[in-house]
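Welcome! Take a moment to look over the sequence and turn the model around on your screen. Then we can walk through it together, part by part.

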Amino acid sequence: MTTSTALPRQSYVPAPVPQDAVDRIVAAALAEDAPWGDITSELLVPVEARASAVLTAREPGIFCGTQVIEAAFRLASAQTSVQFPVRDGESFEAGTVLAEISGPARAVLTGERVALNLAQRLSGIATLTAAFVAQAAGTSARITDTRKTTPGLRILERHAVRCGGGHNHRFSLSDAVMAKDNHLALLAAGNMDLGQALAAAKAGLPHTVHFEVEVDRLDQIEAALAGGADTVLLDNFSPADLRRGVELIGGRALTEASGNVRLETVAEIAATGVDLISAGALTHSVRALDLGLDLR
């Protein structure tokens, strides 16, 4: 993954994650990491000792993690203070100080690993997303995430995608209808015309619920449109077939490309004219960014 010259210089500043959600995730991580306290720090570090530390980037990237870093040290001790020279969504170079922490030394040491683990992963997602967005620049395609997230961390990982300039797909199975290949196979087993079956299903939905249908062949597109699809997901199509699919749909629904979406392929996919490109790689195959926390 390229993380230097390909990175955009602009900043993306998405809305923060609800703080109660952040605190629940971070509290669980701290309980996992120090279920009965940090016995090393309690043995070696006097209770009255204080320390300051800096979080420094060891490689360039896009930052994401202010809320989890602040929560990790605050929940370790309410007496800690964290300042952020760099905001979520801002790009940085190697050597940049991303956060400055001060407070009881034991708390700084206890919160260090949880803060680093989360910030490194989220910054890795933001950085990779920014690289995808840069590859799609100059087209109308939006880069979106998928539900292929780390269990329990979805709300944070989706925020990281937004920090990288990407967009979010449905959050959960409860948010929108997405009729995928297995759903369509079950409908076909009922010996009903696919377009009619989809239309009958959509008739029972409130008008506010988005209806997306996945197809894996060009000859399924008309049935998806007849069924009332708001978005047609073109799954694992070649670039030539994506371009043909966009032409066949002709603006009657949004078009989404999915499958085989990698940093090496996304520019060609974006050039086909699709509206959306969903990439599971943004969250399921990301590399944690190299950040370090050092006591002063």
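## Before we start

Two strands are said to pair if DSSP finds at least two bridges between them. Helices (H or I, at least four residues) and strands (E, at least two) are DSSP runs, numbered from the N terminus.

What you see is a predicted model, in which local features need pLDDT of at least 70 and side-chain atom pairs count only at pLDDT 80 or more, while totals for chains, interfaces and linings use all residues. Residues are numbered from 1 along each chain as its sequence is written, and side-chain values use heavy atoms, with hydrogens and water left out.

## The chain as a whole

The chain contains 11 helices and 12 strands. Its C-alpha atoms fill a box of roughly 75 × 40 × 25 Å along the principal axes. Of its 296 residues, 50% count as buried, where buried means under 20% relative accessible area, exposed over 50%, and partly exposed in between (1.4 Å probe, protein chains only).

Contact means heavy atoms within 4.5 Å. Among the contacts with a separation of 6 or more, 72% come from residues 24 or more positions apart.

## The antiparallel sheet

Strand β1 (residues 50-57) pairs with β5 (residues 97-104) in the antiparallel sense over seven bridges; Arg50 has Pro104 in β5 as its bridge partner. Strand β3 (residues 81-83) also pairs with β5 in the antiparallel sense, over three bridges. Here Ser81 is the bridge partner of Ser102, and Gln83 stands opposite Glu100.

## The parallel sheet

Another open sheet has six strands in the order β6-β11-β10-β9-β8-β7, with parallel pairing. Which strands stand at the edges? They are β6 (142-144) and β7 (177-179); each has a single partner strand, so one side of each is left without a neighbour in the sheet. Neighbouring strands here are turned by 25° against each other on average, direction ignored.

Within this sheet, β10 (residues 254-258) and β11 (residues 276-278) pair in the parallel sense over three bridges. Ser258 stands opposite Ser278 in β11.

Is Ser172 buried or exposed? Ser172 counts as buried because its relative accessibility is 18%. Not counting residues up to four places away in sequence, Ser172 touches Arg147 and Arg154.

Next, look for Ala267 in helix α10 (residues 266-270). Ala267 has 29% relative accessibility, so Ala267 counts as partly exposed. From C-alpha to C-alpha, Ala267 and Gly195 are 32 Å apart in space, and they are 72 residues apart in sequence.

Conventions. Axes are lines fitted to C-alpha atoms, for helices over the stretch in contact, and angles run from 0 to 180 degrees between N-to-C directions.
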